[in-house]
Amino acid sequence: MNPETRTYRFPKPQYSGKNGFLSQFTDPAQITDKNEEEAIEKHRQFEFFLEHQKREVPDLETMAAELNRKDDAASLKKQIDDLQVLHENDLQRLYDFNVNEYLESIQSQHTSRDYTAQRPEVYEAERAAIDELFDMERRGLQIKWEDRYQQLHYAHLSEVLALTAEKKRIEEAEEKARQEEARAFPLTAADYNRKAPDMKLRVALFLTADKNRQERYLDEHGWAWRQVQPLCDVFKKDMQFAANVRALVINNAMAPKPAAPVAQKYTPTTDPRKRPPAA
């Protein structure tokens with residue numbers, strides 16, 4: 001970009017502490033001579049939205065299903081991914097819109113020149129004045145282009161951030177539920193078989209322990225008798241299940257334990273160059 005025409009977007013003081021992306025025009029009476037140009041630009045942005053960002057209106061069944069839908073982390077991720085694709089398409093349409101606007105400016109600049117001037121100095125003076133006028137116009141266009149991009153990006157981020165926050169909340173809730181489920185004492189043999197190996201061993205040690213040790217297990221793991229009683233009843237009645245539980249305990253007891261690290265004997269070394277000279 002030409003350094004003379006490069007623009008920088010700084011926040012305006014009147015937006016301090018406010019959301020400057022919110023529309024400033026909700027009533028035609030708000031438009032004055034001072035903000036007429038800004039109002040026209042807002043109107044052009046709205047026209048662009050209607051023409052290039054229109055979405056298909058779903059039918060009543062689809063809307064009803066949308067209202068009754070219960071999102072999980074996977075469905076929210078899909079929504080975020082879909083929004084990203086839509087945003088990229090919207091940006092491409094915006095860039096095309098801006099390019100057409102730029103080409104119109106170039107065309108207007110070209111047709112504004114008076115090629116019938118007979119005197120070169122008059123032609124050059126008029127050409128320089130016209131070029132300066134359109135350079136100023138395009139500096140204004142660059143500000144508008146950046147504003148349009150920021151508006152579009154803001155709208156996209158507003159949707160994505162809300163979905164991302166909800167996705168994070170659901171993921172944390174799901175992870176908490178998984179951890180609670182993993183730590184929960186199984187109620188049935190099938191539930192026991194689904195547990196992680198360390199949890200299965202913990203439960204097996206409890207089921208095969210005597211009453212006193214079971215009490216210690218309850219205190220140690222925060223279990224209550226009402227939680228463990230259903231599986232204790234299964235352990236007493238289901239011989240196959242009880243045999244599998246006892247086999248797990250026996251195999252764990254017979255499994256070779258990792259050898260303790262052997263302390264290495266320290267042997268001091270000496271530098272031969274530091275030996276005392278021979279007598």
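Predicted model: local features only at pLDDT ≥ 70, side-chain atom pairs only at ≥ 80, totals over all residues.
**Note on aromatic pairs and nonpolar cores**

1. Both F185 and W223 are buried.

2. Aromatic pairs number 7 in the structure. One of them joins Y102 and W145: the ring centres lie 6.2 Å apart and the planes stand at 65°, so the arrangement is edge-to-face. Y102 counts as partly exposed because its relative accessibility is 35%.

3. A further edge-to-face pair is formed by F185 and W223, and it is so classed because the planes meet at 75°, with ring centres 4.8 Å apart. F185 sits in the loop between helix 4 and helix 5 (189-194), whereas W223 sits in the loop between helix 7 (211-221) and helix 8 (225-237); the pair therefore ties together parts that are 38 residues apart in sequence. Ring pairs also place F185 and W223 in a cluster with F206, Y217 and W225.

4. The largest nonpolar core holds 19 residues, of which F185, F206 and L207 touch the most other members. Helix 6 (197-207), helix 7, helix 8 and helix 9 (239-254) are the elements that give two or more residues to this core. Helix 6 gives the most, with 5 residues.

5. What does F206 contact, leaving aside its neighbours within four places in sequence? The partners are F185, Q214, Y217, L218, W223, W225, V228 and C232. Among these partners, F185, Y217, W223 and W225 are linked with F206 in the ring cluster.

6. E101 is located in helix 3. Is this residue buried or exposed? Its relative accessibility is 10%, so E101 counts as buried. The E101 side chain makes a polar contact with the side chain of R148, at 2.8 Å. Apart from neighbours within four places in sequence, E101 is in contact with R44, L141, W145 and R148. W145, one of these partners, is also the ring partner of Y102 in the edge-to-face pair of point 2.

Definitions and conventions
Residues numbered from 1 in each chain as written. Heavy atoms only, no water. Phe/Tyr/Trp six-rings, centres within 6.5 Å; stacked < 30°, edge-to-face > 60°. Buried < 20%, exposed > 50% of the residue type's maximum accessible area, 1.4 Å probe, protein only. Helix = DSSP H or I, 4+ residues; strand = E, 2+ residues; numbered from the N terminus. Polar contact = N/O pair within 3.5 Å; in protein donor to acceptor, adjacent residues only side chain to side chain. Contact = heavy atoms within 4.5 Å. Core = buried A, V, L, I, M, F, W, Y, C linked by side-chain atoms within 4.5 Å.
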